[in-house]
Amino acid sequence: MRAQIAKAFGGRRGTVEAAVPTIAFTLTWIFTEDLKFSVILSVALSVVLLLVRIVQRSTPQFVLNSLFGIGIGAFFALRSGNAEDAFLPGMLWIAVVEALMILSILVRWPFLGFLLGATNPDDPIAWHRDKGIVDLCVKLSWIMALPGLIKLGVQIPLYLAGNVFWLGIAKVALGWPVYLAALATVGWMLARGRTTQPTT
């Protein structure tokens, strides 16, 4: 199960590739307040990572996801003329995802179970027939939902105040570091004892 979850999240490399362009965009914007330069730098990094993936003939999914997010944020900011609006699409996306994640937990079809099922195309809902796995996925899903809830709780007041500097800090500090901490907690919980096995 540990291996299946790691595969669903793209492993360490996928996590880093998704984070690097976003971090570069945010930090460059904080220090230069030049939106165009920040976009160019982050896109350039994404292209380099994408080319590496293509040369190695591996999936570019996580690089493309990050590139798409940066592009949407830049569009919002350039259109409104307000720098803080670059963070608005990400916040709206997190809010929608968090709502769906919590709903999936409450109805006992936790989203982490679907990630687990995606790695088993022959029977993607086999995990739901095992109460032990469902219970485990519920607990782990709550852990994976926490980073988004924390991020929204911090970013919404900063956005309403128009505080671009601290929005950028929060995006970096409460983004991948907190997400990785949640993943590490999930890994620790799975490693504490025997990993739950499906019932046959």
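Helices (H or I, at least four residues) and strands (E, at least two) are taken here as DSSP runs, numbered from the N terminus. The structure is a predicted model, in which local features need pLDDT of at least 70 and side-chain atom pairs count only at pLDDT 80 or more, while totals for chains, interfaces and linings use all residues. Residues are numbered from 1 along each chain as its sequence is written, and side-chain values use heavy atoms, with hydrogens and water left out.

The unreviewed UniProt entry annotates residues 12-31, 37-55, 62-78, 90-116, 136-158 and 164-191 as "transmembrane region"; such annotations may be inferred rather than shown by experiment. Residues 37-55 are 100% helix and 0% strand, with 27 Å between the end C-alpha atoms. For residues 136-158, again 100% helix and 0% strand, the end C-alpha atoms lie 35 Å apart.

Thr 26 counts as buried because its relative accessibility is 1%, the cut-offs being under 20% for buried, over 50% for exposed and in between for partly exposed (1.4 Å probe, protein chains only). Beyond its neighbours within four places in sequence, Thr 26 is in contact with Gly 168, Lys 171 and Val 172, where contact means heavy atoms within 4.5 Å. Leu 167 is 141 residues away from Thr 26 in sequence, yet their C-alpha atoms are 9.1 Å apart.

Trp 142, in helix H7 (residues 131-161), counts as partly exposed because its relative accessibility is 37%.
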